[in-house]
Amino acid sequence: ERRSVAAVVGDGSLLFSLGELATIRRERLDLVVIVIKDGGYGLIRRQQISRTGVSSGMDLAIPDLPALAASLGARYVRYSQAASITLEQLKQYSGLTIVEVETVEPHSISRTKLRAFSREVVRRLLGPNLIARVRRIVRK
């Protein structure tokens, strides 16, 4: 009995998996790869922004996913929203299938950016010595 298997990856992490996709195709395994397309390393971008207020080096030139699928001999499917994908639809695919899902930056990113920026301003205003003293007081 064949089982349905799906992987959910971002477009950045897809780039790390191209060799594995070629192996999956060569071995004629069934795998649906759902690619959340946001144009870069979204998770790392959000972590950088939450810590520093900015991100650097996280935007990527993502390959043309239909052409990538064709070059691997894989099926290509595109959904405009993740909510429109159903498990029943995914189960119908055999072989290697690349499913592209467009996304946009979540709205909370601006709040995160503002929070990180605020922390940085407070750090600059208070200075490292005062921040260290406050931390010692809070830990007691």
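Biologist: Which residues form a nonpolar patch on the surface?

Modeller: Leu130, Val134 and Val138 do, with about 250 Å² of accessible area together. Bear in mind that this is a predicted model.

Biologist: What makes Leu130 partly exposed?

Modeller: Its relative accessible area is 34%. Buried means under 20% and exposed means over 50%, so Leu130, at 34%, counts as partly exposed. A patch takes residues with over 30% relative accessible area, and Leu130 passes that cut-off with its 34%. Leu130 lies in helix H6, residues 108-139.

Biologist: Which residues form the positive surface patch?

Modeller: That patch is made by Arg133, Arg135, Arg136, Arg139 and Lys140. One of them, Arg135, lies in helix H6.

Biologist: Why is Arg135 called partly exposed?

Modeller: The relative accessibility of Arg135 is 46%. Exposed would require over 50% and buried under 20%, so the 46% of Arg135 puts this residue in between.

Biologist: Let's turn to H3. Which residues of helix H3 are buried?

Modeller: In H3, residues 42-52, they are Gly42, Arg45 and Ile49.

Biologist: How do you know that the buried residues of H3 line one face of the helix?

Modeller: Looking down the axis of H3, they fall within an arc of 60°, so they line one face. In general, an α-helix has 3.6 residues a turn, so residues three or four places apart point the same way.

Biologist: What is exposed on the other side of H3?

Modeller: Leu43 and Arg51 are exposed there.

Biologist: And which residue follows H3?

Modeller: Gly53 does, with a positive phi near 90°.

How values were computed. Residues are numbered from 1 along each chain as its sequence is written. This is a predicted model: local features need pLDDT of at least 70, side-chain atom pairs count only at pLDDT 80 or more; totals for chains, interfaces and linings use all residues. Side-chain values use heavy atoms; hydrogens and water are left out. Patches are made of residues with over 30% relative accessible area and no salt bridge: like charges are joined within 9 Å, nonpolar side chains (Val, Leu, Ile, Met, Phe, Trp, Tyr) within 5 Å. Accessible areas come from the Shrake-Rupley method with a 1.4 Å probe; for residues, only the protein chains shown count as cover. A salt bridge is a side-chain nitrogen of Lys or Arg within 4 Å of a carboxyl oxygen of Asp or Glu. Helices (H or I, at least four residues) and strands (E, at least two) are DSSP runs, numbered from the N terminus. Buried means under 20% relative accessible area, exposed over 50%, partly exposed in between (1.4 Å probe, protein chains only). The arc is that of the directions from the helix axis to the C-beta atoms. Lys and Arg count as positive and Asp and Glu as negative; His and the chain ends are not counted. The place of a charge is taken as NZ of Lys, CZ of Arg, CG of Asp or CD of Glu.
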